[in-house]
Amino acid sequence: LEHGSVEARKIEIVQALGGSVKGREIDVELCSSRVKLTASKTIQIQKLQGSENIFTIDPLMQKEKKEGFDEMNSEIGELRKNVNEIKREVDKYKKIVTDNQASSNEVKQRLIYYKKNGVQMPASFITKYRQLKKIKEQLENITNEYNVKNDKLLLLTTKTASFQDNIIDARIINRDRWVGHNEIIFKLVNPPIQLSYKPKEGSADKIFAVVENDEGEYE
């Protein structure tokens, strides 16, 4: 590869000088200078003989993955807003039911008493009973709606989190010593930040990955 571009799932290059390479797994036997390698899983360099190279891990590198992630994020935003609104409704109806619990029990007991003794039930009691029953039914309905939408929200959130898992498993490997000025980049999904590291010239550090420290931060 000489100042060209390659995009595929799995890529093996004998020698690279300049150019751009995008794939899931990239293996370069001899990497010269000014090469941009972007992968979603692994970048492996067998021999490094140049500088000004940029090696990037990006889980959303593929267009369809980026579009899918953006679409899910948009849906998550709408769902989260919807779930919060429904939660407020649930809390409102729960309060009404709780505040009227004593009254509801009293009405119920009196209706049982009237029915048992064959006494004509007052219309006001029947109306009150039906109102309380309707409120409980509304509470049950919106609680069910809340549970369904919240479950969907959790599912979508879990799916977006899987993109982050992909970057935790990703690796950039240089089996040679570092020469010149090169840069390693890991693009995180959540939070959407970019971690950058420039290996020191002469360094023998070989394997690079993203880790989460005790404070919950990525490095």
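A salt bridge here is a side-chain nitrogen of Lys or Arg within 4 Å of a carboxyl oxygen of Asp or Glu. By that criterion this predicted model holds 5 salt bridges.

**View 1. Salt bridge between Glu-25 and Arg-24.** The closest N and O atoms of the pair are 3.0 Å apart. Glu-25 is partly exposed, at 24% relative accessible area, and Arg-24 is likewise partly exposed, at 27%.

**View 2. Salt bridge between Lys-92 and Glu-89 in helix H1.** The N to O distance is 3.6 Å. Because the two residues are 3 apart in helix H1 (residues 63-99), about one helical turn separates them. Relative accessibility is 41% for Lys-92 and 34% for Glu-89, so Lys-92 counts as partly exposed, as does Glu-89.

**View 3. Salt bridge between Lys-149 and Glu-145 in helix H3.** Here the side chains meet at 3.6 Å, N to O. Lys-149 and Glu-145 lie 4 residues apart in helix H3 (residues 123-169), which means a separation of about one helical turn. Lys-149 is partly exposed at 24%; Glu-145 is partly exposed at 36%.

View 4. Beyond neighbours within four places in sequence, Thr-38 contacts Val-21, Lys-22, Gly-23, Ile-26, Ile-43, Thr-56, Asp-58 and Met-61.

**View 5. Patch of negative charge on the surface.** The patch gathers Asp-214, Glu-215, Glu-217 and Glu-219. Asp-214 lies in the segment after strand E9 (207-208). With 80% relative accessibility, Asp-214 counts as exposed.

Conventions:
Residues are numbered from 1 along each chain as its sequence is written. This is a predicted model: local features need pLDDT of at least 70, side-chain atom pairs count only at pLDDT 80 or more; totals for chains, interfaces and linings use all residues. Side-chain values use heavy atoms; hydrogens and water are left out. Patches are made of residues with over 30% relative accessible area and no salt bridge: like charges are joined within 9 Å, nonpolar side chains (Val, Leu, Ile, Met, Phe, Trp, Tyr) within 5 Å. Accessible areas come from the Shrake-Rupley method with a 1.4 Å probe; for residues, only the protein chains shown count as cover. Lys and Arg count as positive and Asp and Glu as negative; His and the chain ends are not counted. The place of a charge is taken as NZ of Lys, CZ of Arg, CG of Asp or CD of Glu. Buried means under 20% relative accessible area, exposed over 50%, partly exposed in between (1.4 Å probe, protein chains only). Contact means heavy atoms within 4.5 Å.
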